[in-house]
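This report goes through a set of computed structural features, beginning with a pair of helices and moving on to other parts of the assembly.

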Amino acid sequence: MIKKRCISIAMVIMMTLPLFSGCSRSMEENGKNPENGWQQEGSMELKYAENFNVDYYKGGYSLISISDGSRYLIVPEDQDIPTNPGEDITILKQPISNIYLVATSAMCLFDALNSLDSISLSGTKAKDWYIENARAAMEAGDITYAGKYNIPDYELIMSSNCGLAIESTMINHTPEVKEKLKELGIPVLTDQSSYESHPLGRTEWIKLYGLLTGKESEAKQLFDEQAEYIDKLADQEKTDKTVAFFYISSSGNAIARKSGDYVTRMIELAGGNYIFDHLGNPESATSTVTLEMEEFYATAKDADFIIYNSTIDGELSSVEELIGKNSLLKDFKAVKNNNVWCTSKNMFQETTQFGLMISDIHRVLTDDDKDLTELNFMYKLPAADGESNGKR
Amino acid sequence: MEKGKGTRYIRYITTLIVLIILFVVLILLNIKSGSVNVSIKDIINILFHGSVNETNYNIIWKVRLPRMTASIILGGALALSGFLLQTFFNNPIAGPYVLGISSGSKMMVAIVMITVLSRYHSVSSAVLIAAAFAGAMLSMGFVLIISRRVQSVSMLIVCGVMIGYICSAVTDIMITFADDANIVNLHNWSLGSFSGTSWKDVGVMASVVLPTSLIVFLMSKPIGAYQLGESYAKNMGVNIKLFRIMLVLLSSFLCACVTAFAGPISFVGIAVPHLVKSFLKTSKPLIVTPICFLGGSVFCLGCDLIARTLFAPVELSVSTVSSIFGVPIVIYIMLKKRVQ
């Protein structure tokens with residue numbers, strides 16, 4: 001952790017140095033420290049996010065540094081673009097418009113900021129959005145589908161005067177697309193929020209998008225609302241309840257989250273314990289672990305609660321359907337005690353609501369009300385014998 | 001006799017002219033067609049005067065033209081590679097991927113994606129291209145080692161298929177430990193596409209494919225002798241051992257280049273040489289080699305045009321289009337030939 005911080009501090013210092021020399025003319029015009037060129041006025045206050053930081057400079061300039069090494073200088077609308085900002089710095093002149101948004105997790109952040117109007121292209125089709133406003137904007141033609149992350153429609157993107165492409169980390173698998181977009185003069189920002197280990201770290205990326213869209217104070221307010229849920233739970237005692245969070249793949253394997261992943265952190269923040277202690281390689285960037293059923297059964301059968309991840313496999317309607325995926329599941333303690341929940345499909349598109357999600361999980365673990373079957377982001381599966389009052 | 005010779009030449013010239021016309025028409029269509037409508041007047045200005053709207057200029061010069069050039073070069077390479085292997089194995093269904101080349105490439109890409117990307121967050125496209133090329137050459141290396149011990153060509157095909165299975169098995173092992181993102185991306189890679197090609201890529205592929213194709217053309221005489229039988233070629237002074245190695249090496253080199261830049265593109269390597277030989281009614285390498293290259297280019301130009309425009313902005317894979325449109329044509333020609 002300390003090592004990581006030292007590296008990021010060193011990175012920020014190294015990144016800032018060329019800026020000092022490159023932007024001197026512009027800064028002189030804006031009135032600042034002629035010796036150093038740039039005059040830093042402060043940094044963005046970040047509580048959980050570790051994969052980006054923002055430094056503010058006199059004249060309203062902001063320098064975003066992202067953990068993948070990329071840097072972006074946000075130039076206010078009324079300011080000049082620095083003449084020599086440094087080769088590795090991408091200039092983003094406000095207002096940033098006609099964004100090609102590929103990172104699905106970022107859409108809800110733009111939506112929460114009421115900034116959908118700055119997006120004109122999407123890497124996801126209308127039918128695949130669970131965010132109502134995004135879907136409506138696409139259906140109304142305000143946002144156009146411009147192809148998937150791996151085969152974008154370059155012509156459409158160029159003809160739309162795209163000001164910025166916001167990609168997910170999936171782009172790292174197809175580096176040629178990122179290189180091509182840059183070649184075409186389209187700045188690319190890769191949303192690294194999926195690498196945040198703390199769930200609220202993901203939500204905190206709203207501050208970065210708030211900066212891009214000129215709505216920083218709104219972003220801070222929205223983030224603080226979610227952080228409040230965590231603060232409230234921090235005072236409560238941890239339960240001894242264990243939770244298995246997984247889905248069964250089409251090949252019959254159980255796909256569980258790696259220990260320490262943000263979903264497992266959500267369970268812990270909600271007062272529970274993720275059933276797997278040391279699952280997956282902590283060094284690995286991957287978030288899921290494929291488990292052979294026998295291995296999965298040996299550990300997860302004693303979990304007090306099952307939360308079935310419907311994102312890939314689709315939502316379940318009953319415990320019977322779950323057992324249909326593998327009959328071993330009927331021996332699970334959670335199935336026997338009718339403690340099986342399923343996430344709604346929109347869960348992973350609702351980055352702004354992670355605080356609320358954690359409070360949902362907390363209720364699952366602590367609320368003894370048998371009539372509790374529907375929460376904000378999950379619902380209880382009706383038992384095999386029909387005991388549960390599940391609404392679905 | 002003279003009349004027969006004349007008819008043959010007319011057939012060759014007719015085929016060549018038809019292909020050239022198709023080539024030109026498809027080039028024009030590829031330049032004209034796309035998600036953005038650029039007028040013919042603008043295209044002419046962009047191509048010959050370099051002026052007008054900057055966006056349209058970039059669309060033509062940085063998106064459409066490099067992609068089109070890639071499909072010309074790689075399509076030709078695939079067809080030529082297929083012709084060489086069909087000659088070598090004396091088998092009409094032998095294609096560029098029969099020696100496990102695509103499986104080798106996929107295996108290496110899987111290794112890079114799953115091991116490198118799971119530890120480091122990013123990798124450059126050059127690394128993936130190099131991995132795919134290395135995988136292809138690795139499979140081919142095994143085939144070459146085996147070819148020194150195995151005399152029978154059919155046994156060599158079996159060995160190539162077996163190597164393909166081993167590579168696929170290694171890939172499957174990697175996939176077992178991979179996360180969803182890697183699995184999805186590996187699947188996407190294996191679909192094959194010319195999308196996102198840059199002039200830099202075109203430069204590299206041209207520097208591999210064009211000299212290799214020239215060597216193939218210069219080898220027309222020994223290839224022709226080999227077509228008449230190994231013993232005949234031997235009597236003509238062809239060093240069979242070296243010749244076989246050269247044939248496998250050249251075809252693999254061409255195919256590896258295609259796979260590295262565009263992923264595995266099926267069917268073109270099998271269909272085009274077959275179609276070209278059917279039209280020309282000859283297998284003479286001196287005639288077939290250049291026309292095969294041209295035919296492959298035309299075929300890929302057409303398939304890529306359909307792939308990127310049919311459901312734009314969604315793109316189909318080139319393999320999907322080449323199979324859907326190519327298979328009925330080949331079957332029709334085969335049946336027609338049989339009836340005749």
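## Two helices at an angle in chain B

In this predicted model, H2(B) and H3(B) count as roughly perpendicular to each other, because their axes cross at roughly 70° and angles from 65 to 115 degrees fall in that class. Helix H2 of chain B covers residues 40-49, and its axis comes within 10 Å of that of H3(B).

On the H2(B) side, Asp42(B), Ile43(B) and Ile46(B) take part in the contact, and they meet Asn56(B), Tyr57(B) and Ile60(B) in H3(B). Sorted by class, these residues comprise 4 nonpolar, 1 polar and 1 charged.

## An antiparallel pair in chain B

Helix H8 (residues 199-218) and helix H11 (residues 240-262) of chain B have axes that come within 10 Å and cross at roughly 160°. Angles over 145 degrees count as roughly antiparallel, and H8(B) and H11(B) are therefore roughly antiparallel to each other. The crossing of these two helices is left-handed.

H8(B) contributes Asp201(B), Met205(B), Val208(B), Val209(B), Thr212(B), Ile215(B) and Val216(B) to the contact, while H11(B) contributes Leu250(B), Phe253(B), Leu254(B), Cys257(B) and Phe261(B). By class, the contact of H8(B) with H11(B) is made up of 10 nonpolar, 1 polar and 1 charged residues. As a general point, an α-helix has 3.6 residues a turn, so residues three or four places apart point the same way.

## A buried loop residue in chain B

Val98(B) lies in the loop between H3 and H4 of chain B. Is Val98(B) buried or exposed? It counts as buried, because 24 C-beta neighbours lie inside 10 Å and the cut-off for burial is 20 or more.

Leaving aside residues up to four places away in sequence, Val98(B) touches Leu85(B), Ile157(B), Gly160(B) and Val161(B). The C-alpha atom of Val98(B) is separated by 9.7 Å from that of Ile163(B), although the two residues are 65 residues apart along the chain.

## Where the chains meet

The interface joins 33 residues of chain B with 32 residues of chain A. On the chain B side, the elements that give two or more residues are helix H3 (54-89), helix H4 (101-119), helix H5 (125-149) and helix H7 (180-191), and H3(B) supplies the largest share, 5 residues. The residues on this side of chain B divide into 12 nonpolar, 16 polar and 5 charged.

## Chain A and its helix H9

Chain A holds 15 helices and 17 strands, and buried residues make up 50% of its 392 residues. Among its contacts between residues at least 6 apart in sequence, 61% join residues at least 24 apart.

Helix H9 of chain A (residues 216-234) has 19 residues and reaches 27 Å from its first C-alpha to its last, close to the 27 Å expected at 1.5 Å a residue. The buried residues of H9(A) are Ala219(A), Leu222(A), Phe223(A), Gln226(A), Tyr229(A) and Ile230(A), and what covers them includes helix H3 (104-112), helix H7 (199-203), helix H8 (206-213), helix H10 (262-269) and helix H15 (354-366) of chain A.

## A partly exposed loop residue in chain A

Leu375(A) is placed in the loop between H15 and strand E17 (378-380) of chain A, and it counts as partly exposed because it has 19 C-beta neighbours inside 10 Å. Not counting residues up to four places away in sequence, Leu375(A) touches Asp360(A) and Arg363(A). Its C-alpha atom and that of Ile275(A), 100 residues apart along the chain, are separated by 22 Å.

Conventions: Residues numbered from 1 in each chain as written. Chains lettered and ligands numbered in written order. Predicted model: local features only at pLDDT ≥ 70, side-chain atom pairs only at ≥ 80, totals over all residues. Contact = placed C-beta atoms within 7 Å. Helix = DSSP H or I, 4+ residues; strand = E, 2+ residues; numbered from the N terminus. Nonpolar A, V, L, I, M, F, W, Y, C, P; charged D, E, K, R; others polar. Axes fitted to C-alpha atoms, helices over the stretch in contact; angles between N-to-C directions. Parallel < 35°, antiparallel > 145°, perpendicular 65-115°, else oblique. Left-handed = near helix turned anticlockwise from the far one by under 90°. Expected span 1.5 Å × (residues − 1). Buried ≥ 20, exposed ≤ 12 C-beta atoms within 10 Å, placed from the backbone.
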